[in-house]
Amino acid sequence: KPKPRTIEYEVQPGDTINLLTRLFGIDTPTILNSNDIANADLITVGTRLRIPPVTGLEHEVEKGETLAGIAALYQVDMGPILDFNDLPDPDVIRIGMKLLIPGARKPTPTPPPAPRPAPAAPAARAAAARPAPAAPPPAVSGRGSALVQNAMAFRGYAYVFGGTSPAGFDCSGFVYYIYKISGNPIPRGMWGQLSAGPRIPRDSLSPGDIVFFENTYMPGLSHNGIYIGGGQFIHASDPSSGVTVSSLSAAYWASRYVGASRP
């Protein structure tokens, strides 16, 4: 499991914002937002910058905030927040704590309502056209039958950033909840879920295994679900789809598949 850290960097002669983004593997908004700088031209020699280890931003916890609320604020999965901040318990954060929020952007103020009805907005984080829901899965027996049965009972439930209950799930929250009610508790963080059991080759997948994907709403490990057999998996996909069944062979998911674990 990686344990990345935000570092401090003093701008040197010859540094440019483009050079810094290539040097540290993050984008310009991440550098600007993490240092409360509005204009890249204000980064001059001698400027001390906080450089996060991943595209995103830092958030200082304020009174009354919860990790689920912070995930919802930035519209990101809670799992990577836990992973990148080494948080063992999603219910324990402290006022003043600075959290790295992978994949986040500064929230934009909600504009006032238009005087006439507007067309429905696209789903948040719908980075690419998602494949249509897959066909019903085959019957399952053996080790993963209870996991698959429990997971399928929540098909159609809502996607909620930071959610870990039937009121709404994010992707790692859904996996966490299904394993918990199936009597096999696993970590809430996505890297913890990947490390909760042996890695399984794709051609050896069994129902109940956890499948993982990269480069969805953020670079690197960023999405997961539960394999149900027949080349399909169930997952909390996004706000427009909720908990749904998809095919591993669909172009979107096949190009982002990174592996599986069997807790």
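User: What is the relative accessible area of N215?

Analyst: N215 has a relative accessible area of 39%, so this residue is partly exposed. Buried means under 20% relative accessible area, exposed means over 50%, and partly exposed lies in between, with a 1.4 Å probe and protein chains only. The model is predicted, so local features need pLDDT of at least 70 and side-chain atom pairs count only at pLDDT 80 or more, while totals for chains, interfaces and linings use all residues. Residues are numbered from 1 along each chain as its sequence is written, and side-chain values use heavy atoms, with hydrogens and water left out.

User: Where is N215 found?

Analyst: N215 is in the loop between β7 and β8. Helices (H or I, at least four residues) and strands (E, at least two) are DSSP runs, numbered from the N terminus. N215 has a positive phi of about 55° although it is not a glycine. Most residues other than glycine have a negative phi.

User: What order do the strands take in the open sheet?

Analyst: The sheet has 5 strands in the order β10-β9-β8-β7-β11, with antiparallel pairing. β10 and β11 (257–261) each have a single partner strand, so one side of each is left without a neighbour in the sheet. Two strands pair if DSSP finds at least two bridges between them. From one strand to the next, the twist averages 35°.

User: How many bridges link β8 and β9?

Analyst: These two strands pair in the antiparallel sense over 3 bridges. I226 stands opposite I234 in β9.

User: Which strands does α6 touch as it packs on the sheet?

Analyst: α6 touches β7, β8, β9 and β10, and its direction makes about 40° with that of β8. Contact means heavy atoms within 4.5 Å. Axes are lines fitted to C-alpha atoms, for helices over the stretch in contact, and angles run from 0 to 180 degrees between N-to-C directions.

User: Which members of the largest nonpolar core touch the most other members?

Analyst: They are F169, F174, I178, Y179, I226 and I234, in a core of 25 residues. The largest share, 6 residues, comes from α6. A nonpolar core is a set of buried Ala, Val, Leu, Ile, Met, Phe, Trp, Tyr and Cys residues joined through side-chain atoms within 4.5 Å.

User: What does I226 touch?

Analyst: Leaving out residues up to four places away in sequence, the contacts of I226 include A151, F174, V175, I178, Y179 and I234. There is also a second, separate core of 21 residues, which includes L57, L67, V76 and I81.

User: New topic. Which residues of α1 are buried?

Analyst: In α1 (residues 17–24), I17, L20 and T21 are buried. They cover an arc of only 100° around the axis, which puts them on the same side of α1. The arc is that of the directions from the helix axis to the C-beta atoms. R22 and L23, on the other side of α1, are exposed.

User: What covers the buried residues of α1?

Analyst: The cover includes β1 (7–10), α2 (28–34) and β2 (48–51). β1 and β2 run antiparallel and are joined by 4 bridges, and E8 stands opposite R50 in β2.
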